[in-house]
Amino acid sequence: MATAAAQDRDAARVPVRGLTVLYDAQCSLCAHLRDWLVRQRQLVPLELMPAGSETARRRFPGIDHAATLDEITVVGDSGQVYRGTAAWIVTLWALAEHRPMAHRLSTPAGARLARGAVLAAAKWREAQSARQQGRWRRGGNAYYGAHGWTYDPAAGWTYNAPACDSGTCAPR
């Protein structure tokens, strides 16, 4: 599950006694989840820290702080680094009421479900960011982006490849 841990570390010899969750403090979904996490009973203490902050940079100089703003990153007290799906699973594992779910999500079938949830959250964040930056145009109840993705509350996300009338479009 760890994506950047030293090879000599394993759960039997280096137990996780605390986790630091780096989250995007400018993202409303991330802030909501931070608030939810602090209300949960924790089996492993969680410290929530804004990603890319001076504190995070000082405390974790070896990680890519720009990447922590794009994707949830969790750092274990012994240096374990979890990103994306693995970060969500280890965060749930730290919570008393959600540890059984974390175990289910760590299976191959569960990991596909967890990855889908992470991708849905990332797409929602992208849509919120685009809307705030004025890159979306609204038509009816749907939002249309220049990149080909459309969100309609009734139908969900759909992708329509942009037209290539000039014949000079890059192949996909």
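**View 1. Salt bridge between Glu47 and Arg59.** Glu47 and Arg59 form a salt bridge, with the closest N and O atoms 2.9 Å apart; the term means a side-chain nitrogen of Lys or Arg within 4 Å of a carboxyl oxygen of Asp or Glu. Glu47 sits in strand β2 and Arg59 in helix α2 (residues 54-59), so the pair ties together parts 12 residues apart in sequence. Helices (H or I, at least four residues) and strands (E, at least two) are DSSP runs, numbered from the N terminus. Glu47 is partly exposed at 34% relative accessibility. Buried means under 20% relative accessible area, exposed over 50%, partly exposed in between (1.4 Å probe, protein chains only).

This is a predicted model: local features need pLDDT of at least 70, side-chain atom pairs count only at pLDDT 80 or more, and totals for chains, interfaces and linings use all residues. Residues are numbered from 1 along each chain as its sequence is written, and side-chain values use heavy atoms, leaving out hydrogens and water.

**View 2. Salt bridge between Glu97 and Arg41.** The N to O distance is 3.9 Å. Glu97 lies in the loop between α4 and α5, Arg41 in the loop between α1 (28-39) and β2 (46-50), so the pair ties together parts 56 residues apart in sequence. Glu97 is exposed at 58% relative accessible area. Arg41 is exposed at 54%.

**View 3. Helix α4.** Eight of the 10 residues of α4 (residues 84-93) are buried, so the helix is largely enclosed by the rest of the structure. Among them are Ala87, Ile89, Val90 and Leu92.
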